[in-house]
Amino acid sequence: MSNEKLTGDAREAALAALAKTGWGMVEGRDAITKTFVFANFIDAFGWMSRAALVAEKMNHHPEWFNVYKTVEVTLSTHDVGGLSALDLALAEKMDKLAG
Ligand code: H2B
């Protein structure tokens, strides 16, 4: 999968689709963010463990912050200084893992 910076219509369409599942742009940065809330810490950490395995397989890693049952995720492609298709793919996989 290409890690070129996303531009244009494809980018806008993908972001609009992700917005429906709770992803939004980070203020002042070319990155997307979503806050996942689980039933408890074990569910949150279990999801993080599964997401970590997916991320490692993709060689594309999240920025994330966990407090108890809440995980704030930020996705951006550091190598290109902004959003790439890898961020969209990882966002989708994280949504699927969260059920
Ligand atoms: N993760 C993210 N989110 N962005 C990157 O640009 C990135 C990464 N690059 N994981 C990878 C690792 C790169 O640093 C290694 C060397 O492949």
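Ala 44 is buried, with a relative accessible area of 0%; buried means under 20% relative accessible area, exposed over 50%, and partly exposed in between, with a 1.4 Å probe and protein chains only. This is a predicted model, in which local features need pLDDT of at least 70, side-chain atom pairs count only at pLDDT 80 or more, and totals for chains, interfaces and linings use all residues. Residues are numbered from 1 along each chain as its sequence is written, and side-chain values use heavy atoms, with hydrogens and water left out.

**Ala 44 and its surroundings**

Ala 44 belongs to helix 2 (residues 41–58). Helices (H or I, at least four residues) and strands (E, at least two) are DSSP runs, numbered from the N terminus. Apart from neighbours within four places in sequence, Ala 44 is in contact with Phe 38, Asn 66, Tyr 68, Lys 69 and Val 71, where contact means heavy atoms within 4.5 Å. The C-alpha atom of Ala 44 is 9.1 Å from that of Ala 98, a residue 54 places away along the chain.

Tyr 68, one of the contacts of Ala 44, sits in the loop between strand 3 and strand 4 (70–75). Tyr 68 is not a glycine, yet its phi is positive, at about 55 degrees.

**Salt bridges**

The structure holds 4 salt bridges. A salt bridge is a side-chain nitrogen of Lys or Arg within 4 Å of a carboxyl oxygen of Asp or Glu. Side chains of opposite charge can pair when their charged atoms come close.

| Residue | Partner | N to O distance |
|---|---|---|
| Glu 12 | Arg 11 | 3.5 Å |
| Arg 29 | Glu 63 | 2.7 Å |
| Asp 95 | Lys 34 | 2.6 Å |

In the salt bridge between Arg 29 and Glu 63, Arg 29 lies in the loop between strand 1 (24–25) and strand 2 (32–37) and Glu 63 in strand 3 (residues 63–67), so the pair ties together parts that are 34 residues apart in sequence. Arg 29 is partly exposed at 35% relative accessibility, and Glu 63 is partly exposed at 27%.

The salt bridge of Asp 95 with Lys 34 links distant parts of the chain: Asp 95 is in helix 3 (residues 85–98) and Lys 34 in strand 2, 61 residues apart. Asp 95 and Lys 34 are buried. Elsewhere, salt bridges that share partners join Arg 11, Glu 12 and Asp 30 into one network.

**Arg 11**

Arg 11 is found in helix 1 (residues 8–19) and counts as buried, at 13% relative accessibility. Its salt-bridge partner Glu 12 is partly exposed, with a relative accessible area of 47%.

The side chains of Arg 11 and Asp 30 are joined by a polar contact of 2.8 Å. A polar contact is a pair of N or O atoms within 3.5 Å; within protein, one must be able to donate a hydrogen and the other to accept it, and residues adjacent in sequence count only if both atoms are side-chain atoms. The side chain of Arg 11 also reaches the backbone oxygen of Leu 6 at 3.3 Å. Neighbours within four places in sequence aside, Arg 11 is in contact with Leu 6, Met 25, Asp 30 and Leu 83.

**Asp 87**

Asp 87 is placed in helix 3. Asp 87 is buried yet has no salt bridge, and the nearest side chain of opposite charge, that of Arg 29, is 8.2 Å away; Lys and Arg count as positive and Asp and Glu as negative, while His and the chain ends are not counted. The side chain of Asp 87 reaches the backbone nitrogen of Ser 84 at 2.9 Å. Residues up to four places away in sequence not counted, Asp 87 touches Ile 32, His 60, Leu 75, Ser 76, Thr 77 and Gly 82.

**The ligand**

Around the ligand are Asn 59, His 60, His 61, Ser 76, Thr 77, His 78 and Asp 79, each with a heavy atom within 4 Å of it. A polar side-chain atom of His 61 lies 2.8 Å from a nitrogen atom of the ligand. Backbone N or O atoms lie 3.0 Å from a ligand oxygen atom for His 78 and 2.8 Å from a ligand oxygen atom for Asp 79. Taken alone the ligand exposes 390 Å², of which the protein buries 65%; accessible areas come from the Shrake-Rupley method with a 1.4 Å probe, and for residues only the protein chains shown count as cover.

Asn 59, one of the residues around the ligand, is found in the loop between helix 2 and strand 3. Asn 59 is exposed, with a relative accessible area of 59%, and has a positive phi of about 55 degrees although it is not a glycine.
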